[in-house]
Amino acid sequence: MKLTVAVLLEQNGSFLMVRRNRPPGIGLWALPGGVAEENETAMVAACREMLEEVGIAIRILGLIGVYCEDNSQMALIVYAASSPNEEFTINPEEVQAVEFFDPDNIPKLAFQRDKKVVNDWLICKRFNAWG
């Protein structure tokens with residue numbers, strides 16, 4: 001089983017998504033993330049993926065959830081994060097664009113599970129899960 005990670009970066013009640021430039025889902029939106037490297041922790045992988053895809057350092061706030069779809073050979077760990085950086089440097093090999101979205105206005109997704117992730121994030125926020 002492969003370990004994958006994603007990051008939900010919040011800014012003023014909206015969250016960051018990337019328009020993918022590689023399969024699956026070229027041209028569709030997803031949370032930034034990817035596959036953890038061998039011997040890499042999930043948190044380190046999440047921070048690395050944010051640097052690689054959008055060029056920013058993040059601070060992990062906490063775990064949103066662990067997801068595994070039926071018949072999948074991948075487990076996804078998703079973290080909530082913050083960053084003081086407001087300027088992104090996208091990696092054009094992986095990302096076409098970045099944009100913040102309101103939870104009530106989610107774009108067409110590469111991975112439908114991202115809707116569940118956003119809902120879980122909203123629940124965590126409501127209960128002040130990260131202090």
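Q: Where does Glu53 sit in this model?
A: Glu53 is part of helix H1, which covers residues 42–54. Keep in mind that this is a predicted model.

Q: Is Glu53 buried or exposed, and what is the nearest side chain of opposite charge?
A: Glu53 is buried, and it has no salt bridge. Arg20 is the nearest side chain of opposite charge, 5.9 Å away.

Q: Which parts does the pair of Phe15 and Trp121 tie together?
A: Phe15 belongs to strand E2 (residues 14–20) and Trp121 to helix H2 (residues 113–126), so their pairing links parts that are 106 residues apart in sequence. Both Phe15 and Trp121 are buried.

Q: Nice. What about Trp29 and Phe101?
A: Trp29 and Phe101 also form an edge-to-face pair, with 5.0 Å centre to centre and 75° between the planes. Trp29 lies in strand E3 (residues 29–30) and Phe101 in strand E7 (residues 95–101), so this pair ties together parts 72 residues apart in sequence.

Q: And are Trp29 and Phe101 buried or exposed?
A: Trp29 is buried, and Phe101 is buried as well.

Q: Which residue lies over the face of Phe111?
A: That's Arg113, at 4.4 Å from the ring centre of Phe111.

Q: New topic: where is Ser83 found?
A: Ser83 is in the loop between strand E6 (74–82) and E7.

Q: Does Ser83 count as buried or exposed, and why?
A: Ser83 counts as buried because its relative accessibility is 18%, and buried means under 20%.

Q: What does the side chain of Ser83 reach?
A: The Ser83 side chain reaches the backbone oxygen of Ala57 at 2.8 Å. A polar atom of that Ser83 side chain also lies 3.1 Å from the backbone nitrogen of Asn85.

Q: Leaving aside neighbours within four places in sequence, which residues is Ser83 in contact with?
A: Ser83 is in contact with Leu9, Ile56, Ala57 and Ile58.

Conventions
Residues numbered from 1 in each chain as written. Predicted model: local features only at pLDDT ≥ 70, side-chain atom pairs only at ≥ 80, totals over all residues. Heavy atoms only, no water. Helix = DSSP H or I, 4+ residues; strand = E, 2+ residues; numbered from the N terminus. Buried < 20%, exposed > 50% of the residue type's maximum accessible area, 1.4 Å probe, protein only. Phe/Tyr/Trp six-rings, centres within 6.5 Å; stacked < 30°, edge-to-face > 60°. Lys NZ or Arg CZ within 6 Å of the ring centre and 35° of its normal. Lys, Arg positive; Asp, Glu negative; His and termini not counted. Salt bridge = Lys/Arg side-chain N within 4 Å of Asp/Glu carboxyl O. Polar contact = N/O pair within 3.5 Å; in protein donor to acceptor, adjacent residues only side chain to side chain. Contact = heavy atoms within 4.5 Å.
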